[in-house]
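This report describes a few features of one protein model in plain terms. Please look at the sequence and the structure first.

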Amino acid sequence: MDFLEYQTFNVGIPVEDEINVLPEPASSLPLIPSTPTLSSGGNFSSNEVFNLPDLENAKFANDAVSLNDRMQKYAARSIELLPRNAAPLPTTTENGLETQQTDFNQLLKTPQVTNSVLTKRLSRVLSDVNHPNYQLDLRLRKALSILQENQHVWGIDSENLIKSEFIGSLARKSFKSDIERQLLDDHLTVLEHFQPIARRIKRYANPVKNILDLGNKVVAIQKSNEDSLTSDPQVDSLRKQLENLKLKRKILIGIRDNMTLNQVEDEQLSSGVIDDQYFKLINKLMAIKERATYLISLSNPMAGKALLEKVNNYLQYANKRIYNYLMDFLYEYESMSKTFGERNLESKDSTLGVFQDCLIYLSNDLKYFNDFLAAVVSLRSKKLFEEFLSQFDIENKKSKPIILSAHDPARYLGDVLAYVHSVIANEADFLKSLFTLQHKELQDKPKSILQENGQFFENLDTKVLNDIINSLSNPTRIRLEQTVRFEEDALINFDMMQLLELYQMMFMKHGLDNEGKLVKVLKDLAALAKSRIVSFYSDFLDGAAKEAQPTTELLPPSWIVDYISYLCDLFDRIEHTTAQADILNEEFFDKLVLQPCKTTFFRQAESWFPLAKKNLIAKFNLTILKANTFDMIVSRLVPYHNTIFSEAYAHDTYDSLNNMLETLVTQLNEVQTRLLFESTGMILYYNLFNMIFPVSSVQDQLDYDMYTSVIENPIMNLDTIEKAVQYKLKEYLPQALMDVQEIYLFNLTSPKIANSVASTAFTTFAKFYSVFRNVLFLLFPNDEDRIKSILSYSEDDVNMLLGIN
């Protein structure tokens with residue numbers, strides 16, 4: 001058949017060369033050809049018919065060599081396989097009668113015989129493994145198997161392919177064309193797959209050639225035993241490019257790691273647990289944001305803007321999650337407080353640390369930060385307000401209602417203020433445990449938080465406390481104002497005034513603002529209580545006892561203490577009497593306020609210290625007694641400064657008493673300073689320097705030149721200075737602070753005045769000591785070591801010993 005392409009004409013080819021023989025298409029040799037044949041004259045004739053040789057009776061030698069002999073031998077052996085007596089085959093004539101054909105030549109002309117011959121031929125080709133063309137037949141057999149398995153898939157018309165007529169020949173040729181076209185397509189596909197490889201090989205051709213050339217050069221140099229190695233400029237250039245690329249890669253990797261979040265970090269930011277790792281992630285985002293600001297300053301800020309926008313979105317989302325976490329924490333605490341009672345969070349509590357860290361990072365977003373603080377204030381205010389009202393409920397079974405003590409106004413007011421104070425104290429402790437952030441370790445936090453948001457953390461607990469406690473101002477005013485306003489007893493009003501002032505101080509001690517609503521309420525109630533106190537005892541001075549000796553503690557005389565106490569009661573009562581204009585006149589303030597304090601007391605005090613004009617210690621004690629007394633007087637009259645002493649003459653009277661106290665404090669400063677200089681042996685030099693130029697006016701080293709003239713004074717000799725100053729200075733200065741505080745100023749009742757006097761004296765001494773020491777260095781530049789031995793304490797040592805900051 002035409003489609004069988006095994007090699008038929010490969011006889012005489014050695015076996016070892018069969019593998020290399022290319023397949024050739026089989027020639028068409030039909031058993032009964034219909035094509036014209038070549039005549040003897042060289043012309044084609046269609047009448048000549050090919051006749052098969054008589055192969056049945058032919059005898060062939062075993063040593064046939066020629067191709068024709070072999071062909072005849074092969075055909076004869078094929079005929080031997082056919083049956084000798086052919087079975088009669090039915091034929092159909094024109095008349096419809098069947099006749100039997102037994103002629104062998106006619107038998108070969110029938111399709112059945114032809115198919116049988118071909119079948120045996122194919123069977124032998126496909127099953128015989130001993131003939132020389134077995135390898136080629138094996139490939140043919142494999143191809144036929146593939147065709148047979150896929151004939152339905154490929155749509156192979158097997159019936160037409162095996163036909164011997166023109167239709168079969170045409171089908172086989174078409175099938176062959178299809179196979180060749182498909183084979184070409186497959187070859188093109190393979191070539192297309194090889195095309196990138198070919199391009200790559202072509203691209204690598206020049207580098208490989210350069211490497212080969214360089215290798216040849218190196219080999220040539222080695223063979224020539226030369227020590228120097230040649231360097232290819234192209235290799236050096238490529239090496240530099242490689243280093244630059246590696247550097248760029250490292251830079252890009254660093255930018256990727258430092259300017260972006262990986263997938264794990266992005267997942268943690270969106271749904272991770274809020275803990276230390278989450279805060280580290282926010283730190284990284286803030287660092288990226290800071291770096292993004294630098295990118296904006298570049299010539300092309302688009303990358304920086306895009307990165308900054310993305311980071312801001314990340315931070316916005318993180319702030320929202322932190323805000324939700326804080327709100328959940330707050331509501332959870334409130335829920336637990338209702339179930340198990342109020343409790344303060346300990347500093348070692350891990351949840352508290354996370355809470356404070358969240359609050360620090362939330363300060364980057366003021367909206368969320370202020371919203372959270374407002375939520376805290378709202379929840380806590382509501383709770384405290386409800387608890388405050390429950391204290392006045394008769395049916396309250398948890399504690400004794402405050403309303404039961406309403407029959408005693410002072411006790412009732414004290415109970416209300418005591419409860420409010422306990423609420424403030426508990427709330428202050430609770431808020432301090434939550435919002436005391438200025439003492440928290442902030443080294444691991446970004447610097448931007450500390451620089452930009454540090455103001456929000458300072459005294460945050462106090463700010464929140466004031467906002468929360470302000471909710472109790474109106475209920476407290478409602479509960480106490482009527483009690484104070486309608487109480488007529490002056491002493492009870494005085495007691496209530498004292499309670500109000502006391503709790504005002506205690507409230508402020510817990511951090512309440514002096515201008516807060518609750519503190520203002522207490523101030524208003526105290527002023528109201530003061531306005532209700534009126535007392536007057538005008539004849540107390542006539543019966544006052546005369547004291548022969550002062551008290552050892554240099555305290556004010558008892559008579560003036562009692563007098564001022566009664567006078568305060570009088571002022572309390574006068575504020576609420578209709579005769580106020582008649583009593584508080586010029587004569588009243590002159591005879592009952594100024595004369596007892598300035599005339600009577602001064603005369604009596606000076607009689608107790610007759611040596612005050614000659615003895616500095618006696619003068620100092622007298623001044624302390626006067627200062628203690630006037631400090632007591634002024635302090636007792638301070639509450640009435642805006643009420644009793646509001647009139648012009650009354651105000652002048654109060655100012656006169658206050659100025660007298662200031663004058664006494666100034667005298668104490670002078671006497672204490674003089675005692676300090678005398679104890680150190682430097683009083684003469686202090687007076688000498690002040691005569692030339694006030695020491696307190698010295699500003700810098702240029703002013704030291706003002707004292708160069710003191711070298712002419714005999715006492716400005718180093719020997720004299722050493723004899724007068726060195727020993728006393730070394731012995732007394734270390735104990736000066738204790739002597740001043742525990743001996744000289746111990747009897748001062750006012751810590752403020754005592755601190756002011758000591759501070760003034762020490763500051764003056766330290767100032768003079770510095771000037772005196774530097775002037776000596778200026779006057780005696782060659783005796784610097786001796787000056788340091790005389791004035792052995794440095795300026796810092798003096799400041800430390802005297803407690804000067």
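Helix 24 (residues 648-680) and helix 26 (residues 718-744) pack at an angle of about 145°, and their axes lie 7 Å apart. Helices here are DSSP runs of H or I with at least four residues, numbered from the N terminus. The axes are lines fitted to C-alpha atoms over the stretch in contact, and the angle, from 0 to 180 degrees, is taken between N-to-C directions.

The model is predicted: local features need pLDDT of at least 70, side-chain atom pairs count only at pLDDT 80 or more, and totals for chains, interfaces and linings use all residues. Residues are numbered from 1 along each chain as its sequence is written, and side-chain values use heavy atoms, leaving out hydrogens and water.

Rings of Phe, Tyr and Trp (its six-membered ring) pair if their centres lie within 6.5 Å. The structure holds 21 such aromatic pairs. Ring pairs join Phe677, Tyr685, Tyr686, Phe689, Phe693, Tyr707, Phe765, Phe768, Tyr769 and Phe772 into a cluster.

In two places a charge sits over a ring, with NZ of Lys or CZ of Arg within 6 Å of the ring centre and within 35 degrees of the ring normal.

| Charged residue | Ring | Distance to ring centre |
|---|---|---|
| Arg203 | Tyr204 | 5.2 Å |
| Lys367 | Tyr368 | 5.4 Å |

Cys358 is buried (under 20% relative accessible area), because its relative accessibility is 0%. Cys597 is also buried, at 1%.

Terms used. Helices (H or I, at least four residues) and strands (E, at least two) are DSSP runs, numbered from the N terminus. Rings of Phe, Tyr and Trp (its six-membered ring) pair if their centres lie within 6.5 Å; planes under 30 degrees apart count as stacked, over 60 as edge-to-face and the rest as tilted. Buried means under 20% relative accessible area, exposed over 50%, partly exposed in between (1.4 Å probe, protein chains only).
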